[in-house]
Amino acid sequence: MAAILDIPERTGERILEDFGRAGVIRYRGAIHLTVEALEAVEDDDQVVRRELDLLARRNLVLTVHDGPIAALGRFQEELHGDDSLLGELDAGAFLAALVDTVITTYFARIEEIERDIDRLDEVALRGPDSEVFLVEVLRLRRRVAVLRRTVAPHREAFAPLARSEVALDEVLGHSLPALLERLERVIDSIENARELLVGSFDIYLGGAAHRSNEVMKVLTILSAILLPGVALAGIMGMNFKLGFFDDPSNFWVVLGAMILFAIGILGFARVRHWL
């Protein structure tokens, strides 16, 4: 392809390099744009980054990638519906359409994370299965971090394409300000997903605190019920020579007092809505 399209050798070598992040290189009469696509792994909920290089010059856009890119396949499927205007696109419009399709896949990944966060909220509200919840939080946190690290460098790559002073019109046909706006929307959506994840953790902490309060309330009421009986038992066990202690029938009196104290405390707790 380099020989057919008369691409300089150094430019072809740079296109084949794996930069690991988005970037843009301006040549005389050409633009080399690198974007990072996120591809789903089969039989797994993880995603992998796959580099997509685009070389654009007047009336030409060349894409280079190692492995399938779902966004390009989707773009081609969309063209099957109506390709009557395809020949009227300049290089800038065609490049923008390709990159916009890649950006759309970011929104799909964000929606997947948001759906998982909704399920995580249900786990947080259901019960004290903290191990499952924390594992899911860690998994989603990593996915959000990977997505953010992948998307954020595109700001530096797209910013020159949106500036009129770099004179891209002579190369691409027109500048591409809409890409930067779309990218900002993606980054805002990622930050929103991150806040939703933090909110899920707050729900979990709130539920854990509520369950702890319920346990402490039960233990407190139980202690309050048993305390009068323990006090009476301690008093009756003292070695004092009183007539009250010599009458065996007073055992039932003391036992009845313990029961009355317990009933009174339960009634007071019920009135105060502690139970």
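# Briefing: charged network, core and aromatic cluster

Arg109, Glu112, Asp116, Arg119, Glu136, Arg139 and Arg143 are linked in a network of salt bridges (a salt bridge is a side-chain nitrogen of Lys or Arg within 4 Å of a carboxyl oxygen of Asp or Glu). This is a predicted model, in which local features need pLDDT of at least 70, side-chain atom pairs count only at pLDDT 80 or more, and totals for chains, interfaces and linings use all residues. Residues are numbered from 1 along each chain as its sequence is written, and side-chain values use heavy atoms, leaving out hydrogens and water. Helices (H or I, at least four residues) and strands (E, at least two) are DSSP runs, numbered from the N terminus.

**Salt bridges**

- A search of the whole structure finds twelve salt bridges.
- Side chains of opposite charge can pair when their charged atoms come close.
- Asp116 forms a salt bridge with Arg143, with 2.7 Å between the closest N and O atoms. Asp116 lies in helix α3 and Arg143 in helix α4, so this pair ties together parts 27 residues apart in sequence.
- Arg139 also bridges to Asp116, the closest N and O atoms being 3.9 Å apart.
- Glu136 forms a salt bridge with Arg139, and here the closest N and O atoms are 2.7 Å apart. Both residues lie in helix α4, three residues apart, about one turn of the helix.
- Buried means under 20% relative accessible area, exposed over 50%, and partly exposed in between (1.4 Å probe, protein chains only).
- Asp116 is buried at 12%, Arg143 is buried at 11% and Arg139 is buried at 18%, whereas Glu136 is partly exposed at 26%.

**Arg109**

- Arg109 lies in helix α3 (residues 91–126) and counts as buried, at 14% relative accessibility.
- The side chains of Arg109 and Glu112 are joined by a polar contact of 3.2 Å (a pair of N or O atoms within 3.5 Å; within protein, one must be able to donate a hydrogen and the other to accept it, and residues adjacent in sequence count only if both atoms are side-chain atoms).
- Not counting residues up to four places away in sequence, Arg109 touches Leu38, Glu39, Ala40, Val47, Arg143 and Leu147 (contact means heavy atoms within 4.5 Å).

**Nonpolar cores**

- A nonpolar core is a set of buried Ala, Val, Leu, Ile, Met, Phe, Trp, Tyr and Cys residues joined through side-chain atoms within 4.5 Å.
- Of the 46 residues in the largest nonpolar core, Val99 and Phe158 touch the most other members.
- Helix α3 gives the most to this core, with 15 residues.
- Another core, of nine residues, lies apart from it, and includes Ile7, Tyr27, Leu55 and Leu60.

**Aromatic pairs**

- The structure holds four aromatic pairs (rings of Phe, Tyr and Trp, the last by its six-membered ring, pair if their centres lie within 6.5 Å; planes under 30 degrees apart count as stacked, over 60 as edge-to-face and the rest as tilted).
- The rings of Phe133 and Tyr204 are stacked, because their centres are 4.3 Å apart and their planes at 15 degrees. Phe133 is in helix α4 (residues 130–151) and Tyr204 in helix α7 (residues 177–236), 71 residues apart.
- The rings of Phe201 and Tyr204 have centres 6.1 Å apart and planes at 35 degrees, so this pair is tilted.
- Phe133, Phe201 and Tyr204 form one aromatic cluster.
- Phe133 is buried at 1% and Tyr204 is buried at 11%, while Phe201 is partly exposed at 31%.
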